[in-house]
Amino acid sequence: MSLTRELIMLILIFAEYMEILFYKYQGTGNDFVMIDNRLQEFDKNNTKLVAKLCDRRFGVGADGLILLENHPELDFKMVYYNADGNESSMCGNGGRCLVAFANFLGIIKNKASFEAVDGLHHAIIENDLVKLQMQDVVSIENNKDYVYLNTGSPHHVQMENNIHDLAIKEVGSKIRYGQPYNEAGTNVNFVKQLSENTFQVRTYERGVEDETLSCGTGVTAVALAMFETGKTKSNLISLETEGGKLQVSFDKQDSIYKNVWLIGPATHVFKGTISW
Ligand SMILES: N[C@@H](CCC[C@H](N)C(=O)O)C(=O)O
């Protein structure tokens with residue numbers, strides 16, 4: 001066997017056993033595959049690989065996949081993919097889980113500053129909760145039957161008294177693909193008011209194309225929408241999702257929502273390796 005053929009054989013054998021070390025995290029049931037990509041080893045344009053890792057039967061199973069990468073000035077960078085394998089807009093629960101992951105890796109202690117697709121974020125870990133500062137929200141579209149706003153990701157918010165029995169996947173997908181959102185789509189949140197400052201939320205997520213147990217940018221959108229439409233006077237809102245409880249606090253100054261914080265638990269579930 002020539003040296004070149006031996007080398008090719010070795011590469012093929014090695015390729016058979018390429019392994020990815022991953023960690024699984026969840027924040028109120030919104031679950032993520034986390035990969036430490038500080039050495040830039042992950043194949044970032046491999047949509048099929050990301051989708052397979054997120055597949056609940058053929059892979060690890062998750063609502064999304066997140067890469068933790070180096071940043072020249074900040075603690076780290078967040079790269080977020082939806083379960084369909086495509087890179088997407090901001091993920092609030094994912095951001096909170098990534099802060100917990102960075103703490104586990106020893107990159108940060110109880111404070112973090114990082115870059116995500118929608119810009120700079122600050123975060124604090126306090127009493128087992130991860131508090132993530134979200135972007136200011138300047139524009140809220142208050143329509144007759146729904147509110148539309150972008151909290152890092154686009155969100156349609158509508159009240160629904162029959163929230164328990166609602167077929168979220170069916171009704172949500174019609175709104176997500178319908179007018180005025182079309183192919184680019186939106187996430188869809190159904191909301192029921194439980195008290196002055198407590199709301200139940202169920203979310204259909206774009207890119208998962210199904211209901212998820214919780215959505216961080218979604219509950220943030222709900223909190224701001226409920227204040228904007230006068231359903232609450234409180235600037236500290238409790239959100240009850242299918243996967244647990246979150247809180248959102250904010251200040252409204254001159255019609256701009258500032259100092260917006262998403263607060264909740266973020267938990268390490270397990271770690272493992274995948275061969276491909
Ligand atoms: N689960 C997320 C939202 C993730 C992005 C969303 N699926 C989209 O594509 O807009 C969250 O916690 O915010």
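In the predicted model, strand 6 and strand 7 run antiparallel and are joined by four bridges. Strand 6 covers residues 119-126 and strand 7 covers residues 129-133. Within this pair, Ile125 has Val130 of strand 7 opposite to it. The two strands form a hairpin, with two residues between them. Asn127 belongs to the turn of this hairpin, in the loop between strand 6 and strand 7. The phi angle of Asn127 is near 50 degrees, a positive value in a residue other than glycine. Asn127 counts as exposed because its relative accessibility is 69%.

Strand 7 also pairs with strand 16. Four bridges connect these two strands, and their directions are antiparallel. Leu132 stands opposite Leu262, a residue of strand 16. Strand 16 spans residues 256-264 and includes Asn259. Asn259 is another residue other than glycine with a positive phi, here near 55 degrees. Its relative accessible area is 35%, so Asn259 is classed as partly exposed.

On one side of the pairing scheme, strand 2 (residues 30-36) and strand 3 are parallel and share five bridges. Ile35 is placed opposite Leu67 of strand 3. Together with helix 2 (residues 47-54), strand 2 and strand 3 make up a β-α-β unit, and this unit is right-handed. Strand 3 pairs with strand 4 (residues 76-82) as well, in this case in the antiparallel sense and over six bridges. Gly64 stands opposite Asn82 in strand 4.

Glu205 lies in strand 12, which runs over residues 198-205. Glu205 is buried and yet has no salt bridge. The nearest side chain of opposite charge belongs to Arg206, at 8.2 Å. A salt bridge requires a side-chain nitrogen of Lys or Arg within 4 Å of a carboxyl oxygen of Asp or Glu. Leaving aside residues up to four places away in sequence, Glu205 touches Asn30, Tyr80, Asn82, Asn187, Asp210, Thr212, Ser214 and Cys215.

A cis peptide bond occurs between Gln179 and Pro180, with omega about 0 degrees. Pro180 is located in the loop between helix 4 (168-177) and strand 11 (187-195).

At the level of the whole protein, two domains are assigned. Domain 1 consists of 20-125 + 266-275, and domain 2 consists of 140-264. The C-alpha centres of domain 1 and domain 2 are 23 Å apart. Between the domains, 21 residues of domain 1 are in contact with 21 residues of domain 2.

Note on methods. Residues are numbered from 1 along each chain as its sequence is written. This is a predicted model: local features need pLDDT of at least 70, side-chain atom pairs count only at pLDDT 80 or more; totals for chains, interfaces and linings use all residues. Side-chain values use heavy atoms; hydrogens and water are left out. Buried means under 20% relative accessible area, exposed over 50%, partly exposed in between (1.4 Å probe, protein chains only). Lys and Arg count as positive and Asp and Glu as negative; His and the chain ends are not counted. Contact means heavy atoms within 4.5 Å. Two strands pair if DSSP finds at least two bridges between them. A crossover is right-handed if, with the strands pointing away from the viewer, the path from the first strand over the helix to the second runs clockwise. Domain bounds come from an automatic or database domain assignment.
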